Amino acid sequence: MPAPEVVGASVAALADGVRARRWKARDLVEAYLDRVRRLDETLGCFLLVDGDGARRRADEVDARVAAGADPGPLAGAPVGLKDIFITKGVETTCASKILRGFVPPYESTASARLAAAGAVSLGKLNMDEFAMGSSTENSARRPVRNPWDTERVPGGSSGGSAAAVAASLCAGALGTDTGGSIRQPAALCGVAGMKATYGRVSRYGVIAFASSLDHPGPFGRTVEDVAALLEVIAGHDPLDSTSIPSAPGKYLAACAAGLAGMRVGVPEEYFAAGMDPEVETAVRGALDELARAGATLVPVSLPHTPYAVATYYLICTAEASSNLARYDGIRYGYRAPGVASLDELYTRTRGEAFGAEPKRRIMLGTYVLRAGYYEAYYGKALRVRRKIADDFQAAFGACDVLATPTSPIAAFKLGERMADPLQMYLADIYTVAPALAGVPALSQCCGFTRGGLPVGLQIIGPPLGEEAVFRVGGAYQRATEWHTRHPRVGEG
């Protein structure tokens with residue numbers, strides 16, 4: 001059995017230990033499963049723990065090591081999968097009643113690539129239903145609690161993934177980011193999380209929310225962990241028509257590069273009124289740290305930023321209303337009992353099995369796509385989206401990356417914003433514009449509030465500029481120690 005300190009170690013350290021035979025993948029899995037058993041009743045990160053499957057996969061990794069074969073770059077590293085990733089033979093629900101009992105016959109590309117690299121999935125992680133939310137309070141099963149303060153949210157929609165990594169219930173995790181659903185929970189939980197350029201990671205086998213905005217991506221305790229996971233899951237996939245054909249970059253190597261000659265843009269629109277003063281202080285301190293590390297700070301403007309939230313919620317709800325039409329009680333998942341007609345089957349199934357937030361977005365999206373309203377709302381939003389993308393293109397003419405806050409606030413209390421959807425949507429105010437533009441963006445911890453809550457720094461790159469993002473993220477991490485702090489959940 002490995003020493004207790006392996007729980008919480010980096011993905012690279014765990015994989016190196018398995019390859020060097022300092023410990024077995026099976027022992028790592030047992031250590032993490034034990035921590036899940038002890039802590040997850042409080043945190044609510046996992047919807048399904050696949051203990052038997054994890055042990056079987058770990059034994060396969062150990063057998064490859066014993067035979068002298070290459071166990072893969074992620075050998076034995078215990079990971080978790082947001083319950084939006086299709087997993088062959090394992091229930092996949094999107095944290096929704098309407099998909100309860102759905103066991104897929106195939107595997108998502110991202111999770112298959114993790115397994116091929118030697119990573120071991122411990123199970124499926126909690127989320128906002130169909131990835132719709134900013135707090136992971138919209139799960140049909142139970143909310144997730146932030147390990148830094150269990151009375152607060154972890155962010156969303158990938159809150160289960162972010163909280164599980166922060167609490168060392170897994171070494172790394174996969175999530176999805178539609179308007180900030182990787183970066184915002186990464187910020188609120190004090191871990192690193194990245195959405196790459198749209199199309200850099202395959203969406204095949206990822207249950208769709210808003211198809212033109214969905215970005216699968218990794219979480220890790222460190223920037224290097226995120227880079228290691230992204231190197232594995234990125235790359236062209238012929239099963240995804242939006243997949244970028246070019247080869248991914250050398251992300252781990254980029255983390256070790258310095259900042260000499262790097263120009264970091266600071267957009268004035270991301271430091272507007274309404275930001276928590278403690279968040280602003282931490283982020284401006286991070287900018288100063290980047291300057292000390294050799295970067296040149298450059299003021300830039302993204303003038304269409306104030307329209308990003310409205311634009312995002314028009315486009316994503318329109319796409320959601322189309323994508324969620326397939327859940328009708330006929331093909332898979334929940335079916336309302338005792339119905340007398342086809343119309344009753346549709347209305348009762350969807351009425352009983354969708355939660356409040358999916359219903360809200362389906363209705364709004366259906367409204368903006370109606371004849372007579374399409375051009376006034378959805379068509380106009382598409383044109384503003386183009387303007388937002390043009391803003392980023394212009395800014396990257398003056399700088400190599402942008403640095404901004406990830407969230408205007410630290411983690412808020414459970415239930416605090418549930419009665420006010422608009423306030424909940426505004427939690428994504430700094431993350432939706434990069435999603436609309438399809439550009440890569442990383443969130444990493446850059447400090448803590450006086451109350452001990454993490455603050456996130458967002459590094460945004462140009463299209464296919466992941467290596468530049470990792471250069472800045474890696475250099476900032478080397479200059480600071482925020483990433484070394486762990487929540488004390490379960491220690492007292």
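The axes of helix 2 and helix 3 (residues 51–66) come within 8 Å and cross at roughly 160 degrees, where axes are lines fitted to C-alpha atoms, for helices over the stretch in contact, and angles run from 0 to 180 degrees between N-to-C directions. Helix 2 is therefore roughly antiparallel to helix 3, a label for angles over 145 degrees. The contact (heavy atoms within 4.5 Å) involves A25, R26, V29, E30, L33 and R37 of helix 2, together with G51, A54, R55, A58, D59, V61 and D62 of helix 3. Helices here are DSSP runs (H or I, at least four residues), numbered from the N terminus.

This is a predicted model, in which local features need pLDDT of at least 70 and side-chain atom pairs count only at pLDDT 80 or more, while totals for chains, interfaces and linings use all residues. Residues are numbered from 1 along each chain as its sequence is written, and side-chain values use heavy atoms, with hydrogens and water left out.

L43 belongs to helix 2 (residues 25–43) and is buried, with a relative accessible area of 0%; buried means under 20% relative accessible area (1.4 Å probe, protein chains only). Leaving aside residues up to four places away in sequence, L43 touches P143, V144, R145, N146, P147, T150, A167, L169 and V489.

Methods:
Helices (H or I, at least four residues) and strands (E, at least two) are DSSP runs, numbered from the N terminus. Buried means under 20% relative accessible area, exposed over 50%, partly exposed in between (1.4 Å probe, protein chains only). Angles under 35 degrees count as roughly parallel, over 145 as roughly antiparallel, 65 to 115 as roughly perpendicular and the rest as oblique.
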